[in-house]
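Me: I would like a close look at a single part of this structure. Please keep it brisk.

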Amino acid sequence: MKALPKGIAIIGGTLLLFIPQMILTNLGIPANLLLLPVYLTGLRKGYNRGFWTGVAVGFLEDVLTGGILGPSILSKGFTGVVSASIFGRLFIWRPVVGGLTIFILTLVDETIRFTMLALFATAPTVFTEFLVYMIVSGLILIPAGYFIGPEDGK
Amino acid sequence: MIDRRVILLLLLFISTITMMTFQSTRGPFRPFHFLKAPFHELQKDLHSFWDSSIVPVREFLRLREENRQLKKKLKDLSLVAEKYPELERENARLKDLLRLKAEVPEYLTTARVIGGGARRWPRIIVIDKGKRNGLRKDMAVRNIDGLVGKITEVYESSSEVLLVTDPSFSASIRLQDSRTEGVLSGSGNGYCRLKYIPAETSIKRGDRLITSGLDGIFPPGIPAGVITEIAGKDELFMDITVRPAVKENSIEEVMILKTSGGSRKERTR
């Protein structure tokens, strides 16, 4: 019975993230805030829930951005699985490592999205602008990676 | 035994690639687009919330500052001009739109921009008019400066406009002086590219572009941009960079134009 309100809270929280995401986009600030719930779920709840959260968030992102359905589903689903697999096996979580990880995951997420759009629709921009966009959106998320850690601290 | 997460990733990869391959030939899936309407409503609400709560606070701060200046420069009549610059500019813009409305026979309605897309790409803006105002897909959108884009999605009371700077946008245009025809497309970095202009064509930086009307979507004569860079003169077609007539981050009011191609299938995508 506890799982239902928790699930509603997660879905509601994710939907609410679209508001600052839209505001930042309209202000011209590159941001990928939608990566945060996927990273958080993957990190704390394991690859299975991370994967499905990633797929759900990616689906909403694809629908709301108005392009083809698929690029964000793939990139966020991938992020959900990878974020569950980094710590414990490969690395021990530390705030700095967390910041670096979310920076790299943002680069991977944006690269997958850009590549899929370029392959199956139209390249959304020139590569140099994409590089700047990707790096800035990664840098913006570093503080979040610093604070979001696994439940057991490892 | 293969790790379960590898299987999940493989399934994800195969299903999304299949989906995207299908959409690359048949166009994006439409069934889920109804989900966008609530978000447009949300954007509209945010916009009116901004207007009703944040703007008065900003206005209060501005007036406080203005009051301070008034006390300081009581006899200076120029303060009057400083007090209403935004209103004056808006008034001037609306007057220009009204004048343009009389000159443009294709005029349908005027709309306000209420937001942008959820992500940076594709480059779209959301306007506060939709089906109930007679808007349809593929209608041309312009403002006083020139070509803004075209309508790609229409909802009950809002619509999405694909901007001229998006790479998936294209329009048939003409060089104003030489009358040479070409295709204008966005480059994704705030500029546009002029395509299919033969290398032997005589053009120079500063040449102006207008819509030709040949695509059946954009009425002829709308200013589209100015040539800023010309390269590839030894190729078959030149590589021409164009600064669009409209600055994409300063679009506030737009005009929707009726065209004969208003309900047609997307032909420029």
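Which residue stands opposite B:Val254 in β12(B)? Please build the picture of that strand from there.

Reply: B:Ala111 stands opposite B:Val254. Keep in mind that this is a predicted model.

Start with the strand itself. β12 of chain B covers residues 253-257. The strand is mostly covered, with five of its five residues buried. Its side chains point two ways. B:Glu253, B:Met255 and B:Leu257 point one way. B:Val254 and B:Ile256 point the other way. Residues of both sets are buried. In a regular strand, side chains alternate between the two faces of the sheet.

Now the pairing partners. One is β1 of chain B, residues 107-116. β1 and β12(B) pair in the antiparallel sense, over five bridges. The pair B:Ala111 and B:Val254 stand opposite each other. Another partner is β3 of chain B, residues 140-142. Three bridges join β3 to β12(B), and these strands run antiparallel. Here B:Ala140 stands opposite B:Leu257. B:Leu257 is one of the residues that point the same way as B:Glu253 and B:Met255.

B:Thr201 lies in the loop between β8 (192-195) and β9 (208-211) of chain B. B:Thr201 counts as buried because its relative accessibility is 14%, and the cut-off for buried is under 20%. Its side chain reaches the backbone oxygen of B:Pro198 at 2.8 Å. Leaving aside neighbours within four places in sequence, B:Thr201 is in contact with B:Thr180 and B:Met238.

Terms used: Residues are numbered from 1 along each chain as its sequence is written. Chains are lettered from A and ligands numbered from 1 in the order in which they are written. This is a predicted model: local features need pLDDT of at least 70, side-chain atom pairs count only at pLDDT 80 or more; totals for chains, interfaces and linings use all residues. Side-chain values use heavy atoms; hydrogens and water are left out. Buried means under 20% relative accessible area, exposed over 50%, partly exposed in between (1.4 Å probe, protein chains only). Helices (H or I, at least four residues) and strands (E, at least two) are DSSP runs, numbered from the N terminus. Two strands pair if DSSP finds at least two bridges between them. A polar contact is a pair of N or O atoms within 3.5 Å; within protein, one must be able to donate a hydrogen and the other to accept it, and residues adjacent in sequence count only if both atoms are side-chain atoms. Contact means heavy atoms within 4.5 Å.
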